[in-house]
Amino acid sequence: MNHPSGLSGFHGVGYDYVLGSGGLYVQSESAHLTARVLVAPAEVRGLAPVSEKLELAHGRIPAHVFELGLAWMLAAPDTERFFAIRWDGHAYWLVVPPQEGTGSTLSYQPPGGLIAEFHSHARHRAFFSATDDLDEQGFRIYGVVGRLDTPAPELTLRLGIYGHFAPLDWQQVFAGKETEPTPNHLPIRR
């Protein structure tokens, strides 16, 4: 609980729930991310406020790393594809594991140590499906890229803390090349 005098309670394993004046939050921390998202809004009298946050320990991810993955997806606009980003101790790197994709399915084994992962919906719009909600149960940044057959593919981003999600904007995650966002989607200019 976040009292006006400070936090009280016990730390959990992997994540903590924090009750503040605005409701219940879940928070977690790793060597790469520190984050907190609102789980259930509520007015709780007598407690101090808590806010959502995302901090990347190594700074925001350079846009060119994402653009390399996007170019790989654009090379097969009719096929769902996956790529991820990890920190190697010195820089962010693109990771592309073995995978099998069709226009509506994707099979892969995500590697460990990821900070962010992205999959495409080929020619379909960028949205998080019910399958994505079930699959994306880790602590990282998630993204869906869609409309790969258009001049401005869509990107939808969110933060995931073990099954709890919060939408993210481009500038919270990436350094460089900001474009004009639309509600929950970010057109990517090529």
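Which side chain of opposite charge is nearest to Asp132, and how many Å away is it? In this predicted model, the residue in question is Arg158, at 5.7 Å from Asp132. A salt bridge requires a side-chain nitrogen of Lys or Arg within 4 Å of a carboxyl oxygen of Asp or Glu, and Asp132 has none, although it is buried. Asp132 belongs to helix H2, which spans residues 130-135. Leaving aside residues up to four places away in sequence, the contacts of Asp132 are with His119, His121, Phe127, Val144 and Arg158. Arg158 is thus listed both as a contact of Asp132 and as its nearest side chain of opposite charge.

A further element of the model is an open sheet of four strands, arranged in the order E3-E4-E5-E6 with antiparallel pairing. Its edges are formed by strand E3 (16-20) and strand E6 (53-56), each of which pairs on one side only. On average, and with direction ignored, neighbouring strands of the sheet are turned by 20° against each other.

Strand E4 comprises residues 23-29, and its antiparallel pairing with E3 extends over five bridges. Within this pair, Tyr17 is placed opposite Val26 of E4.

Key
Residues numbered from 1 in each chain as written. Predicted model: local features only at pLDDT ≥ 70, side-chain atom pairs only at ≥ 80, totals over all residues. Heavy atoms only, no water. Pairing = 2+ DSSP bridges. Helix = DSSP H or I, 4+ residues; strand = E, 2+ residues; numbered from the N terminus. Axes fitted to C-alpha atoms, helices over the stretch in contact; angles between N-to-C directions. Buried < 20%, exposed > 50% of the residue type's maximum accessible area, 1.4 Å probe, protein only. Lys, Arg positive; Asp, Glu negative; His and termini not counted. Contact = heavy atoms within 4.5 Å.
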